[in-house]
Every structure is written in C-alpha cells, then in structure tokens.
Amino acid sequence: MTRRITYCAALKEATTQEMERDPTVFVYGIGVPTHAKAFGSVAGLTEQFGPTRCMDTPISEAAMTGFGFGAAVGGLRPVHVHIRVDFLILAMNQLVNLISTYAYANRGQRGVPLTIRAIIGRGWGQGYQHSKSLHSFFTHIPGLKVVAPTRARDAKGLLTAAIRDDNPVLVLEHRWLYWAEDDVPEEPYATPIGEAAVLREGSDLTIVGTSWMNVEALKAAEILARHGVSVEVVDPRTLAPLDDTSIFNSVRKTRRCLVADNDWVYSGFGAEVAARVSQWCFDDLVAPVQRVGWAHTPCPTVRALENEFYPNAATIIRAVEGMLDLSPIDLDGEDLYSHERRFKGPF
C-alpha cells in the first residue's frame with residue numbers, strides 16, 4: 001500500500017523498519033536524541049529503541065566516524081547522521097584512508113556496513129560554512145558508494161539499501177527536500193544502488209540533475225513545455241557507482257545534454273557526466289554538452305548574492321534556450337523561489 005508522505009517521514013520510516021528488522025542497526029550523531037532530532041528525521045527512535053540504539057555524540061567528526069568504522073567491522077550496522085556535510089571534511093582521514101580501503105586491504109573478506117547520512121544544501125543566509133554539497137569529493141574515492149535521492153520514495157528505498165549494504169554508503173539529503181511529498185510504499189523495500197530514474201520523458205534535450213537540481217529541472221521542463229520544448233529529466237539517484245547507461249540512452253534519444261549539478265561546476269561531478277556523455281555519445285550529439293551549477297566562489301550570505309550564486313529553473317531555461325537557439329521566454333509571473341518559504345530554520 002502506498003500513501004503520500006514527506007521525504008523526512010520516508011527517511012524516518014526506512015530507519016525504523018530496518019531497526020525493527022535487524023537488531024544490529026543503530027543510529028547515532030550530534031543531536032540525534034535531542035529536540036532537533038536531525039530535522040525531525042529520527043524523531044521517536046530513542047523512545048522506541050532506547051538510548052543504546054539511538055544516541056548522541058560529542059562534537060568530534062573524526063572520533064564519531066572512527067567509532068562507526070569500529071562498530072561496523074565489529075558486526076554492527078551503524079547509521080551515522082551528520083547534520084551538515086561541511087564538517088564531514090573533518091573525518092576525511094577515516095573515510096579515505098580507513099573505511100573506503102578496508103575491504104580492499106582484507107581481500108574482500110569483510111566489508112564496512114556503515115551508512116553515513118549527510119545533510120546538504122542551502123537555507124537562507126547559511127553562508128559558506130553550512131551550505132555545501134561536496135559529492136564530488138566522495139565520488140572520487142574508490143570504495144565509497146554515494147547516493148543522492150530526490151524523491152521521497154527513493155529516499156526510503158535508497159536509505160534501506162544503504163543500511164543493508166555491506167559497503168560504506170553516503171546518503172546525501174538536501175534539506176529543502178525534507179518537506180517534498182511523494183507516494184511511498186508502506187512496506188519495507190530497497191531501491192537498487194546504481195540505477196538511475198527518468199523523472200520526466202522528453203525528446204528535445206536531456207537534463208541530468210543531481211539532488212535539488214532535479215526539482216529545478218522539473219520546474220524548468222514544465223515551463224518549457226508550455227512553449228513547445230520537450231525536456232527529459234534523468235535523476236542518477238546514485239552518484240557512485242553511476243548508471244551512465246541510462247543517461248546515454250536518454251542522450252542518444254534527445255541528442256542534447258545539459259548537466260544541472262547541485263555543486264560548483266569547476267572539477268565537479270557534472271564534469272564527469274559531461275566527459276562520459278561526450279566520449280560515448282559523441283556521434284549522437286548535435287551540440288556540445290553544457291553544464292550549470294554554483295558560481296565558483298564561496299557561498300555568500302546576502303540573499304541578492306545567493307540568488308546569483310545558486311542556479312535555479314530560470315538558469316536552466318536560459319541554458320536550454322541557448323542550446324536550442326530559442327528566443328528568451330518571458331518569465332515574469334513565474335514563481336521560481338517558492339521553496340524557501342517553507343524553510344523554518346536550521347533545525
């Protein structure tokens with residue numbers, strides 16, 4: 001049975017069901033059992049499972065990531081909730097030198113069933129220390145799986161798959177997606193890691209979006225459709241390993257590709273997608289692959305500058321117009337900044 005629930009509720013349901021199914025699963029992280037409860041995504045877990053399976057930690061990213069590593073190789077399945085991806089950088093030694101290499105070092109005899117939920121994305125005025133995505137950091141590291149669900153149904157399915165996986169998996173969750181609603185099955189299920197999804201079918205151009213940029217891409221596609229442009233939107237869902245076959249199939253159909261990345265453009269994940277499409281779809285393309293993403297500067301705090309820093313549906317529309325040699329669409333009257341009105345604060 002399916003019902004309409006939020007992305008946040010889907011995350012909580014996946015965690016609850018996996019903790020009920022498997023007693024080795026536990027959740028921990030800064031502020032997990034407090035009033036904030038990781039933006040509400042772990043609300044009720046302490047009350048249901050007790051403080052030994054849903055616990056707070058000191059503010060020491062290196063220590064708590066190392067703790068999860070030890071617990072995972074010791075036979076447990078930790079779920080580490082990291083409320084800001086910006087500070088996961090402080091655990092890069094554990095991630096790059098220990099966790100990602102452990103199975104390789106022991107010839108695959110034992111993995112690291114550790115799930116790290118890292119919350120990404122903007123609020124209002126969050127500035128340069130609380131707004132990053134950094135997925136290109138983690139997809140660069142062999143041995144780490146990275147997923148970035150956009151829809152609530154994928155949030156539940158991919159988090160379930162991550163918890164059940166015997167390898168380390170990073171689940172990147174944009175906080176503006178937490179109130180997005182979707183039809184989500186009530187029963188437990190796992191969405192396969194490494195499979196993309198076509199969110200909207202089209203024939204004129206393919207947009208490959210990551211995380212929040214799929215929301216903007218779908219809005220752009222809706223506006224463009226009213227002006228006779230048919231856009232296909234592909235959500236990789238899994239950034240590592242990447243299902244490039246689904247992307248290639250879409251691009252071979254539309255013959256044009258725009259990558260909308262929720263991160264800086266320079267040396268980013270979008271460059272990897274663009275390179276693969278350019279290499280393997282070269283004979284099918286009728287125009288160079290284009291990319292949109294964040295401006296190459298630290299994130300500003302002032303709202304007017306934020307609007308210039310972050311791409312949105314209008315940015316995508318202008319890029320599509322350029323690729324198709326179209327006259328600019330009049331966007332006056334289009335509601336392009338509605339999402340942030342629902343953001344109530346950092347917790």
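Reader: Leaving aside neighbours within four places in sequence, with which residues is Leu88 in contact?

Author: Contact means heavy atoms within 4.5 Å. By that criterion, and with neighbours within four places in sequence left aside, Leu88 meets His82, Leu95, Ile116, Ala118, Phe138 and Leu170. The model is predicted: local features need pLDDT of at least 70 and side-chain atom pairs count only at pLDDT 80 or more, while totals for chains, interfaces and linings use all residues. Residues are numbered from 1 along each chain as its sequence is written, and side-chain values use heavy atoms, with hydrogens and water left out.

Reader: How many residues does the largest nonpolar core have, and which have the most contacts inside it?

Author: In soluble globular proteins, nonpolar side chains tend to be buried together. A nonpolar core is a set of buried Ala, Val, Leu, Ile, Met, Phe, Trp, Tyr and Cys residues joined through side-chain atoms within 4.5 Å; buried means under 20% relative accessible area, exposed over 50%, and partly exposed in between (1.4 Å probe, protein chains only). Here the largest such core has 43 residues, and Leu88, Phe138, Leu170, Ile247, Val273 and Val277 have the most contacts inside it. Its largest share, five residues, comes from helix α3 (residues 61-73); helices (H or I, at least four residues) and strands (E, at least two) are DSSP runs numbered from the N terminus. Apart from this core lies another, of 35 residues, including Ile5, Val27, Leu158 and Leu159.

Reader: At what angle do α3 and α4 pack?

Author: Axes are lines fitted to C-alpha atoms, for helices over the stretch in contact, and angles run from 0 to 180 degrees between N-to-C directions. The axes of α3 and α4 are 8 Å apart, at an angle of about 30 degrees. The two helices are therefore roughly parallel (under 35 degrees; over 145 is roughly antiparallel, 65 to 115 roughly perpendicular, and the rest oblique). Ala62, Thr65, Gly66 and Phe69 of α3 meet Gln94, Leu98 and Ile99 of α4.

Reader: Is Leu98 buried or exposed, or does it fall in between?

Author: Leu98, in helix α4 (residues 92-99), counts as partly exposed because its relative accessibility is 35%. Beyond its neighbours within four places in sequence, Leu98 is in contact with Phe69 and Asn93.

Reader: How do helix α1 and helix α7 pack?

Author: Helix α1 (residues 7-21) and helix α7 (residues 152-164) have axes 8 Å apart, at an angle of about 30 degrees. That angle makes α1 roughly parallel to α7. Residues making this contact include Glu13 of α1 and Lys156 of α7.

Reader: Is Glu13 buried or exposed?

Author: Glu13 lies in helix α1 and counts as buried because its relative accessibility is 17%. Not counting residues up to four places away in sequence, Glu13 touches Arg3, Ile5, Lys156, Pro185 and Glu186.

Reader: Which residues of α8 are buried, and what covers them?

Author: The buried residues of α8 (residues 213-225) are Met213, Asn214, Glu216, Ala217, Ala220, Ala221, Ile223 and Leu224. Their cover includes β9 (197-200), β10 (205-209), β11 (231-235), β13 (257-264) and α12 (313-324).

Reader: At what angle do the axes of α8 and α12 cross?

Author: These axes come within 8 Å and cross at roughly 55 degrees. The pair is therefore oblique. Among the residues that meet are Met213 and Ile223 in α8, and Ile316 and Val320 in α12.

Technical notes
The expected span of a helix is 1.5 Å times one less than its number of residues.
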